[in-house]
Amino acid sequence: MCGIFGYVGRQRSDLSSLLLRKLSKLDYRGYDSAGIAVLHKKHFQIRKSVGEVNDLKSKLRGIKISGAVGIGHTRWATHGGVSVKNAHPHKDCSGNIVVVHNGIVENFEVLKKDLLKKGHRFTSDTDTEVFAHLVEEESKSKNFLKAVRDSFKKLKGLNAIVVANNDGELVGLKRGSPLVLGVKGEEKFISSDTPLLSDITSRIFIIEEDEGIYINNDVVKTITLGSDKKSVPKFRIIKINQNKVEKKGFKHYLLKEIYEQPQVVMNIADNNKQNIMETARMIKDAWGTYFTACGTAAHAGLAATYMFSEIAERHVNFSFGSEFPYYEDFLVERSLLIAASQSGETMDTLEAVRAAKRHGSKVLALVNVPGSSLERISDKTLYLNAGPERAVLSTKAYIAKLSLFLLISYSMLGEYEKGVSLLRRSARSLKRIFNVEYQRKLKRLSKRLMNKDHIYIIGRGLNYPTALEGALKIKEASYIHAEGFAGGELKHGVIALVEKGTPCICIVAEDRAKEAILSNAMELKSRGAEIIGISPKKYNVFDFHLEVEDVSTASPIVNIVPMQLMAYYITILKDLNPDKPRNLAKSVTVK
Ligand code: F6R
């Protein structure tokens, strides 16, 4: 979360525009606020705005700030509310030191108390501002670089920080959160994102843990936290395919990405045999396999545990990335951790991987973004190859993970081709969901649901995770409280919330869970619930039926799509932005 971009180079008459242009590609890391600081004639010109980078752009329309040094930031608020005063960059008392930050300074209150005692004046509620004052304090007795390094050493937590002073020096340091440097001629760029820089230059330096870079107009050096040693960065040539991501006639990225799913599934069916076979072998050789992921990716991981049991008759464990560090003690060298992440930058997932690495265990990553942190620290990577996901809601990456897990499960059984044929069938059946009549039906249903306070969703077995994922899609986009449950669980308490007209979506696959989930639907109906069935067949208990094809063990791939679309249509009907729901960010890089 939080995007960083910094520049040191030649005098540009419109450095502010360059910063804004680059920042607008970092919106996905947070869109609570955006801000820039440009060093103009020895003074920092700081401009900030609440909301997306576009809001800041509009505020600065017609204004160009010239300079040779500048930093910018997109924020996802952690400490301090969403406001202009809390937007980055933050400055010290003198205004000669400016800072942008991604992460959480866990001990900021202690540090702030001390700095307040020393007379520093704070203007925001953020943890970040502490750093500017720390550097100011340390600079009283040492040079800028040393002051920044010693200040960084005082921070607890996982942080990436870029700080500049009015002498035109810039330092970036990182622990946990990503930071990369790019150089093109006399121009140096620093960012939280590799693709943002590979757009400008292929000479990229990826800053390692507890390391950083020091830049002024003449030099660029790598630095380490632990010593005074400086060295010349060893650049790698990184080229990332920068195909422009367009909406291709769709009004929103979310809808476009939902419609791309049949192609994503076909792609996986056609292109992965060797990798899947190797992965199946890794799992067979391991003494225990554990899945970890967060959010939507976690639902895919949970679905994988059912697939592995049902298809491959293999026991695997699952834990959320954020819970994994409390669940790692039994890992050994021959354990295998499978970490799934669209972005490859989710902090909780990365922390789980680091925990596994400490035990010497092997790590397999399922990642969509090439060159991501997760890919770099894993032993082997399976790419989702789903293409860039721009909508904050993850859809096609979810389907891609399910497809890979299905293929791995069938490979473990020695029936890879059966998996491929199920994926092909699923891709074909998804296309049918996109027909005009089906969309009309979904829109009608969405209209009925848009003013409801609660929606409950139940599934069993393979489709229990589908219920969780369907609920997540609906609530994060439309802000309606939706909750997914294992079908059998409702009567153990939650059924108390069901009353006349409460919408309940029941996912009924043609599998061994069918009879039981239909009974659960009956139980809900007897309490007045309105039953929306997602299933290949129509049952009497349904008040509304959304037909999906029977694709056997691939049913989670197909059954989620009507709910993704419902989430989209309800959101549109409520006049909300489905691509950027409130309070969220595409990449969650804090714990
Ligand atoms: C929900 C969503 C999130 C992400 C989660 C993990 O629609 O997108 O729940 O799935 O933040 O992100 P990745 O997959 O990038 O690790």
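This is a predicted model: local features need pLDDT of at least 70, side-chain atom pairs count only at pLDDT 80 or more; totals for chains, interfaces and linings use all residues.
Q: How far is the polar side-chain atom of S343 from an oxygen atom of the ligand?
A: The gap is 2.6 Å. Residues are numbered from 1 along each chain as its sequence is written, and side-chain values use heavy atoms, with hydrogens and water left out.

Q: What does Q342 put 2.7 Å from a ligand oxygen?
A: A backbone N or O atom of Q342 sits at that distance.

Q: And E476, how far is its side chain from a ligand oxygen?
A: An N or O atom in the E476 side chain is 2.5 Å from an oxygen atom of the ligand. Overall, the protein covers 91% of the 410 Å² of accessible area the ligand has on its own (Shrake-Rupley, 1.4 Å probe).

Q: Which elements give two or more residues to the shell around the ligand?
A: Those are α10 (295-310) and α16 (464-478), with helices being DSSP runs of H or I, at least four residues, and strands runs of E, at least two. The largest share, three residues, is from α10.

Q: How many residues surround the ligand?
A: There are 15, and the closest are S341, Q342, S343, T346 and E476; a residue counts if one of its heavy atoms lies within 4 Å. By type, the shell has five nonpolar, seven polar and three charged residues.

Q: New topic: how many salt bridges in the whole structure?
A: The search finds 38, each a side-chain nitrogen of Lys or Arg within 4 Å of a carboxyl oxygen of Asp or Glu. One of them pairs R12 with E187 at 2.9 Å, N to O.

Q: Where do R12 and E187 sit in the chain?
A: R12 is in strand β1 (residues 3-12) and E187 in strand β10 (residues 187-191), distant parts of the chain that lie 175 residues apart.

Q: Backbone check: what kind of peptide bond joins H88 and P89?
A: A cis one, with omega about 0°. P89 falls in the loop between β4 (67-75) and β5 (90-91).

Q: Is phi of K42 positive or negative?
A: Positive, near 70°, and K42 isn't glycine. K42 belongs to the loop between β2 (33-40) and β3 (43-50).

Technical notes. A polar contact is a pair of N or O atoms within 3.5 Å; within protein, one must be able to donate a hydrogen and the other to accept it, and residues adjacent in sequence count only if both atoms are side-chain atoms. Ala, Val, Leu, Ile, Met, Phe, Trp, Tyr, Cys and Pro count as nonpolar, Asp, Glu, Lys and Arg as charged, and the others, Gly among them, as polar.
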